[in-house]
Structures are given as C-alpha cells and as structure tokens.
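Let's take a walk through this chain together. Have a look at the sequence and the fold before reading on.

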Amino acid sequence: MHLVAQHGLEKGDGSASKRIDMVRRLVNAIRSSSRASHILHTVQRNAGRNERQLITDAPTRWLSVYDMLECFLNQRECIQAVALSGALNDYEGDVPATMDWPILSFYLKVIDMETHKSHSTSASIGAETVETICSGGSR
C-alpha cells in the first residue's frame, strides 16, 4: 500500500516529493530544537489543543507519510507560529508558503485514495485465488 501511495505522488514534475521533503525537514527541525518544541507546545496549549509532538515519517512504516502530513496539516497554525517566532533561525530549509498548504492537503487526499484503492483491489482477489497462489498454483 505504501508503494502505491508513494508512486501516486511521484508521478508528474517531482513537486510532490519536494514539498513532502520540505515538510519532513521542517518537522525534523522543530523536533530537534528544544526551543522550537517548547514554543510549539506553548502555542498548542494556548490554542486549547493537546500538546503533541509532530510526527515524522519512516521509510519502513506503511503510510507514515500520510501520518506525518495529517499531523502537520492539523497543526498548521502552531507550526506557522513556531516559524514566525525565530526559534528556527538555524534552519536553512523552506517553510510552506500560503499556496503550499492546500497542495499538501491534496497530497494527503491522494495518499488516502491510493490506499483505499489498494485495499479494495487486494480485498477483491478472493479466498480461492489466494489459496491457489499460496499452494503454488495447484489445487
């Protein structure tokens, strides 16, 4: 499933990969900075949200890019406040521009659609087909 979703995002001009890399670098920068993490938690608390650490993706975990994007998008205002606070002065990467946020939301929907598509495809195989495949083709 992860490969299907990843393949869906890698089609085109590569801008999806670049934006996802931007999110990954920013999440890692906030997580690795005690000052940025403190500001994130303060902003979350002041906004009446639960204090949450941002989620990073892991190449070995299916749909971790989905989890990272979903968390990132849900924490948009808090992340923007951290970026504006100056807590990331040493961070050399980009911060999402206004136009990036809806595009990132679209990527999240693409991953979700690809995941559901692969679930329905694998579910439609049927027990008899799986049994035939597992038995080496002979029944």
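A residue counts as buried when its relative accessible area is under 20%, as exposed when over 50%, and as partly exposed in between (1.4 Å probe, protein chains only). What you're looking at is a predicted model, where local features need pLDDT of at least 70, side-chain atom pairs count only at pLDDT 80 or more, and totals for chains, interfaces and linings use all residues. Residues are numbered from 1 along each chain as its sequence is written, and side-chain values use heavy atoms, with hydrogens and water left out.

**The whole chain**

There are 7 helices and 0 strands here. Helices (H or I, at least four residues) and strands (E, at least two) are DSSP runs, numbered from the N terminus. Of the 139 residues, 36% are buried. Take the contacts (heavy atoms within 4.5 Å) between residues at least 6 apart in sequence: 71% of them join residues at least 24 apart.

**Arginine 19**

Arginine 19 sits in helix 2, which covers residues 15-32. Is it buried or exposed? Arginine 19 counts as buried because its relative accessibility is 14%. Setting aside residues up to four places away in sequence, arginine 19 touches Met99, Asp100, Ile103, Leu104 and Tyr107. With tyrosine 107, the arginine 19 side chain also makes a side-chain polar contact of 3.3 Å. A polar contact is a pair of N or O atoms within 3.5 Å; within protein, one must be able to donate a hydrogen and the other to accept it, and residues adjacent in sequence count only if both atoms are side-chain atoms.

**Helix 4 and its surroundings**

Helix 4 (residues 64-74) and helix 5 (residues 76-85) have axes that come within 5 Å and cross at roughly 75°. So helix 4 is roughly perpendicular to helix 5, a label for angles of 65 to 115 degrees. The axes are lines fitted to C-alpha atoms, for helices over the stretch in contact, and angles run from 0 to 180 degrees between N-to-C directions. From helix 4, Phe72, Leu73 and Asn74 meet Arg76, Glu77 and Ile79 of helix 5.

Asparagine 74 belongs to helix 4 and is partly exposed, at 42% relative accessibility. Tyrosine 66 is in helix 4; beyond its neighbours within four places in sequence, tyrosine 66 contacts Leu108, Ile111 and Asp112.

Here are two C-alpha distances:

| Pair | Apart in sequence | C-alpha distance |
|---|---|---|
| Tyrosine 66 and isoleucine 55 | 11 residues | 9.9 Å |
| Asparagine 74 and leucine 54 | 20 residues | 10.0 Å |

Definitions and conventions
Angles under 35 degrees count as roughly parallel, over 145 as roughly antiparallel, 65 to 115 as roughly perpendicular and the rest as oblique.
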